[in-house]
Amino acid sequence: MAALAAALSGCSVAPTRPDAVRLGDEDTVKAYLSKLINHEMRQGDVPGLSIALVDDQRVVWSQGFGYADQERRTPASAETIYRVGSISKLFTDMAALQLAEQGRLNVDLPVQTYLPNFSIKQRNGTATAITPRMLMTHHAGLPRDILKGFMTTAPEPFSHVVDQLRDEYADYPPGQTFSYSNLGITVLGSVVEQLSGEPFAARMQREVLLPMGMTHSAFETGVSSSALMAKGY
């Protein structure tokens, strides 16, 4: 019993951080981080995790911990694919700024310039224009989400959100308040799709992801069928 208690207490104690690490001593960093990651995963009940440690343009260390699929006992690896959620917003912004760089998008003109069917009611009775810059910086005053169809196995095209917004009210006057909004980036994605004249996912793959060498990343739901895709928990 004493041995068991000691073992259990050892699992709950975070590893001791090295007093000093010599420049270039990657082995010490890897050993400490491996212990720390396993400790934090136990504490947070995290099934799987992958890490990449980067120094400038060089991947110093990449490794998986735990499982990508617990039921099948599939280990997480450096190649495991995860859903990145809101990190994708930065890629959508990048696609919009590419169009701005090409002179096809002015980030300070009203969104209606590019999406004539875009509109949302404003409670103060004014009609302040919403611009792509406001969408990218979460200053458009749009609601955070529309929950209709938010959790479904057969989602409608994201561009349908623009039509749903006509019957909604803005939460704040545009341009005045920072308010995080998934809807804002959804509208921006519709602008990218409209201006590029091709499906959003295809545009992102060709102009953003592939030029950066991100050959295992995608905005299409089909990537979830990849053998490298982690199961959601």
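Partly exposed residues are those between two cut-offs: buried means under 20% relative accessible area and exposed means over 50% (1.4 Å probe, protein chains only).

This is a predicted model, where local features need pLDDT of at least 70, side-chain atom pairs count only at pLDDT 80 or more, and totals for chains, interfaces and linings use all residues. Residues are numbered from 1 along each chain as its sequence is written, and side-chain values use heavy atoms, with hydrogens and water left out.

**Salt bridges**

A salt bridge puts a side-chain nitrogen of Lys or Arg within 4 Å of a carboxyl oxygen of Asp or Glu. The whole structure holds 9 salt bridges. Among them are these pairs:

| Pair | N to O distance |
|---|---|
| Asp108 and Arg133 | 2.6 Å |
| Arg144 and Asp145 | 3.6 Å |
| Glu198 and Arg203 | 3.5 Å |

**Asp108 and Arg133**

Asp108 is partly exposed, at 43% relative accessible area. Arg133 is partly exposed too, at 42%.

**Arg144 and Asp145**

Arg144 has a relative accessible area of 46%, so it counts as partly exposed. Asp145 is also partly exposed, with 24% relative accessibility.

**Glu198 and Arg203**

Are Glu198 and Arg203 buried or exposed? Both are buried. Their salt bridge is part of one network: shared partners join Glu198, Arg203, Arg206 and Glu207.
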